[in-house]
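Here is a friendly tour of a two-chain model, meant to be read with the viewer open. Keep the sequence beside you as you go.

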Amino acid sequence: MRRITVTIVAAAALAAATLGLSPSSASAHEGPALEKQSWSWQGFFGGYDPAALKRGFQVYREVCSNCHSLRLLYYRNLSDPGGPGFSVEEVKKIAAEKEVRDGPNDAGDMFTRFARPSDHFAKPFANDNAARTANNGALPPDLSLIIKARNGGPDYVYNLLMGYKEAPPKMVINPGMQYNTVFPGNQIGMPPPVSEGIVTYADGTKATQEQVAKDIVSFLNWAAEPELVARHTLGLKVLGFLFVLTILFYALKIQIWKRVH
Amino acid sequence: MSAPANQNKIIKWVDDRLPIFTLMQHSAIEYPTPRNLNYWWNFGSLAGFMLVVMILSGIFLAMSYTAHVDYAFDSVERIMRDVNYGWLLRYLHMNGASMFFLTVLIHIFRGMYYGSFKAPREVLWWLGILLYLAMMATAFMGYVLPWGQMSFWGATVITNLFSAIPVVGSSIVTWLWGGFSVGNPTLNRFFAFHYLLPFVIFAIMFLHVWALHTVKSNNPLGIDVKGPQDTIPFHPYYTIKDLYGIGLFLMVYLFFVFYYPNLFGEPDNYIPANPMVTPPHIVPEWYFLPFYAILRAVPNKLLGVVMMFSAIIVLFFLPWLDTSRVRSARFRPIYKQFFWIFLADCIVLGVVGANPPEGIYVLMGQIATFWYFFHFLVLLPVLGKVEKTRPLPDSISTPVIKKSMEKA
């Protein structure tokens, strides 16, 4: 028994060392400390709140989508299980608000048509150069994976959205730039995107700055990890099954090894 | 060579012509295994298990992956979003790489602690180092395939190491790239090698097991098997013990897969590769960090590369560098302490590798690099000569039987 204890302790120590080594944790302490928020999708049972995702989508549609693409998503994803839970009919309506280029048709011409659920989210700009020209030279990044592509994930994006403050007196802010507490270099090209009442929520929730920021981060987390709910649900079943199986293996091991001890 | 106990006529007919059942009987069922192996001996079978997991998940990923600079990133995201259980396959493969290295590293350190590399197991040890090298090559090329920022810049940094070779260095790098920078030809050949090498690893693993079954397993006492009273058949004793180990291990592995799938990864790799933008810190995967630290400990590029490769090559000479005739650290009180110091040294190297080479990390990296080579090249040869070892037990069965008598 002592040996097993030692083994487990050593394994735990090794695991801890490995975690300490992982580059993400090593580089996470660069930059200012992020104010950690509690998110509904954390933990074993964590999942998305469809109402928050719907509100977040509304913020994306009315605010972010003017500059930021969401190129990896299809409109059909909005009705996927584990997502914002729009109905198929609603998704059709949402898609049809945008026009996309299609073709060539039988005559060989390109044409525009209303988007369908099977289309990717329409992009705000034709290409990166057009996006830069419209945005003072800055390129608004695609948001499909933004949560997974930043150290700190949802907390980073939340803190960035809330991080527009008065610049320190000595700091020179370049023309067209904003001071931001968490953005690398503290100067960001994006004007403050969330503010009180920037949207009027369809479900009547009060659109405080915190609320808007939380909702858009929730939506973007879903956009980056649409499989999360399926992953957590399956994980519980798999780990539960393995727990029982391993106990059976252990009992069998004890039973079989009785013959030699 | 007795035929399997199951004398089914068809089995016998086949076995008379190709003794595959006899082989299995000998190497997976009867194989006489020391009766005193502890749980650290589980990690060999765990590594083999992980190789199978990696090959299987990898084959299915390859069915949906596109090896082209314009499509690679998006094809991986398509696997994550649109392929049935594609996210599971990819996270199994991604985290599986870390788990594979974890099991193999524990397996290697176990071999160092109990002296499993010493005569007559030198070739077994060599094959193990070859496996480790092939794994590192495979992992490096696999990390390039998603074509994110770290993929691209990691590939650029590592392939550029060859430019340190005098005179022909830059020509070799161009040849490796198939162009004048990491690009589509690089990605294609990396994919081809990433698919090929696991089968090479599988073949070396077969040789590794063959060598093992020829010289037989070492054991925690590090003394030779004296007779049948020291061994038990592999089946059922170690098959069930390995299964129990796999159960425990799977819980750890799948915990990461289902709940922290990106813990071992770098956020930057979720940004598509962009040759015009260099990430602020280029960090390799955690299992390369100690070597990365050694590379950066030396201010001279060529020397750094030589040191990094030497850090692995030195392992091939370990059976002769360690001059002690006693295998197991249990009976080597001083070596035992230096073993743990060496392990700590490797972890320090890892921490240094994860951090930018500034301030205290530079000095830490240099001291830890010095200690790494000092351990192998000076400490072990001298220690074997001067260390006063504790008396070895007469046989494996004596202490085992004694222990169970005490229990009773």
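Predicted model: local features only at pLDDT ≥ 70, side-chain atom pairs only at ≥ 80, totals over all residues.

Residues are numbered from 1 along each chain as its sequence is written, chains are lettered from A and ligands numbered from 1 in the order in which they are written, and side-chain values use heavy atoms, with hydrogens and water left out.

**The interface of chains A and B**

- Chain B and chain A bury about 4900 Å² between them, with 70% of that on carbon and sulfur atoms; buried area here is the accessible area (1.4 Å probe) that two parts lose on being put together, summed over both.
- The contact (heavy atoms within 4.5 Å) involves 59 residues from chain B and 54 residues from chain A.
- Between the two chains, 11 residue pairs are in polar contact, both residues at pLDDT 80 or more. A polar contact is a pair of N or O atoms within 3.5 Å; within protein, one must be able to donate a hydrogen and the other to accept it, and residues adjacent in sequence count only if both atoms are side-chain atoms.
- On chain B, the helices α4 (72-81), α5 (86-113), α10 (234-259), α14 and α16 each supply at least two residues of the side that touches chain A. Helices (H or I, at least four residues) and strands (E, at least two) are DSSP runs, numbered from the N terminus.
- The helix that gives the most to this side of chain B is α10(B), with 17 residues.
- By class, the side of chain B that touches chain A holds 40 nonpolar, 8 polar and 11 charged residues. Ala, Val, Leu, Ile, Met, Phe, Trp, Tyr, Cys and Pro count as nonpolar, Asp, Glu, Lys and Arg as charged, and the others, Gly among them, as polar.

**A closer look at R81(B)**

- You will find R81(B) in helix α4 of chain B.
- R81(B) counts as buried because its relative accessibility is 19%; buried means under 20% relative accessible area, exposed over 50%, and partly exposed in between (1.4 Å probe, protein chains only).
- Its side chain makes a polar contact of 2.8 Å with the side chain of E77(B).
- Leaving aside residues up to four places away in sequence, R81(B) touches L72(A), L73(A), S144(A), L145(A), A223(A), A224(A) and P226(A).

**Salt bridges**

- The whole structure has 18 salt bridges over all chains, a salt bridge being a side-chain nitrogen of Lys or Arg within 4 Å of a carboxyl oxygen of Asp or Glu.
- Across the interface of chain B and chain A there are 2 salt bridges. D82(B) forms a salt bridge with R76(A), with the closest N and O atoms 3.3 Å apart.
- In chain A, the side chains of D119(A) and R113(A) form a salt bridge at 2.8 Å, N to O. D119(A) is buried at a relative accessible area of 13%, and R113(A) is buried at 15%.
- In chain B, K12(B) and D16(B) join through their side chains in a salt bridge at 3.1 Å, N to O. Both lie in helix α1 (residues 9-17) of chain B, 4 residues apart, about one turn of the helix. K12(B) is partly exposed, with a relative accessible area of 40%, while D16(B) is exposed at 53%.
- E387(B) and R332(B) form a salt bridge at 2.8 Å, N to O. This pair links distant parts of the chain, 55 residues apart: E387(B) is in the loop between α15 (360-386) and α16 (397-407) of chain B, and R332(B) is in the loop between α13 (318-321) and α14 (333-354) of chain B.
- Both E387(B) and R332(B) are buried.

**Helix α7 of chain B**

- Since 9 of its 12 residues are buried, α7(B) is largely enclosed by the rest of the structure.
- Its buried residues pack against α6 (122-144), α8 (169-177) and α9 (184-215) of chain B.
- Among the buried residues of α7(B) are F152(B), W153(B) and T159(B).

**Chain A as a whole**

- Chain A has 8 helices and 4 strands, running α-α-α-α-β-β-α-α-β-β-α-α from the N terminus on.
- Of the 261 residues of chain A, 40% count as buried.
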